[in-house]
Amino acid sequence: MYPVILHLGPITIYSYGLMMAIAFLVGGWILTAELKRRDLDPEMASTMVFWAAIGGLVGSRILSILEDLPGFLADPIHGIFTGAGFTWYGGLIGGFLAVTMTIRKHSMPWAATVDCIAPVLALGHAIGRIGCELAGDGDWGTVTDLPWGRAYPNAIVGWPYPPGVYVHPTPIYETIAYSIIFAILWSLRKRPHRDSTLLWLYFILGSSARFVIEFARINPRYALGLSLSQWISIALISIGAWQLASHRETAKPLRAAEQ
């Protein structure tokens, strides 16, 4: 575990922040190439990445507050300005809304553009979870005696267990799962499909992976013994399935993706 990569005088480079930066840079590079391949404006990639970062940070913070509302109400100033407590789904929703507004503002075709974005989301999630693993930011799993269990004694948020206790390395689980999802979406992008299909597939595959992995995580449980992330997963899977079913019902021919 390496929560801090480097100290340069007063500047501290954190592993989580570094991996997030890498995720945005790689995502921007891939998105530029995909927009160009689809005859869309590649210059818009940096704009969409910028607003995805802004919307993602805001959405992540809001959902984090909602997940621990009593703690936030007890100390709202700390709850707003602390550097910890970001959630993936909050970032996904906030970034999705911000990018959608950007697409609409610049009169880009929404369905074709989100098809370019979908693989980037999966890869960005995979890279970001490497940062979680390196930093030990508290999103590890429950105690386990499996041979690949890990301890996080240098975790940036504080390791709550005594020596000899190991937990599920759920960030690694997510990195593997979302790397596979990226590979699936990437392999499908040039095959004939209706615009926006890749986004709805991402909703289904990504949310299914999170739903399953969440059983090994330590997040609080709410209705029916499921966590908030699992309920959001169910909602996104339902949206994705509904949209794909709508695609099947439409009479329009399939679109062959540009080469």
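Colleague: How many aromatic pairs does the structure hold?
Modeller: There are 12 aromatic pairs. Rings of Phe, Tyr and Trp (its six-membered ring) pair if their centres lie within 6.5 Å; planes under 30 degrees apart count as stacked, over 60 as edge-to-face and the rest as tilted. This is a predicted model, where local features need pLDDT of at least 70, side-chain atom pairs count only at pLDDT 80 or more, and totals for chains, interfaces and linings use all residues. Residues are numbered from 1 along each chain as its sequence is written, and side-chain values use heavy atoms, with hydrogens and water left out.
Colleague: What about Phe96 and Trp110, what kind of pair do they form?
Modeller: Edge-to-face, at 6.2 Å centre to centre with 90° between the planes.
Colleague: Where in the chain are the two?
Modeller: Phe96 is in helix α5 (residues 88-105) and Trp110 in helix α6 (residues 110-135), 14 residues apart. Helices here are DSSP runs of H or I, at least four residues, numbered from the N terminus.
Colleague: Is Trp110 buried or exposed?
Modeller: Buried, with a relative accessible area of 17%. Phe96 counts as partly exposed, at 26%. Buried means under 20% relative accessible area, exposed over 50%, partly exposed in between (1.4 Å probe, protein chains only).
Colleague: Which residues do ring pairs link into a cluster?
Modeller: Phe96, Trp110, Trp200, Tyr202 and Phe203.
Colleague: Changing topic, which ring does the charged end of Arg189 sit over?
Modeller: That of Trp186, 3.6 Å from the ring centre. A charge sits over a ring if NZ of Lys or CZ of Arg is within 6 Å of the ring centre and within 35 degrees of the ring normal. The charged end of Arg150 sits over the ring of Tyr152, 5.4 Å from its centre.
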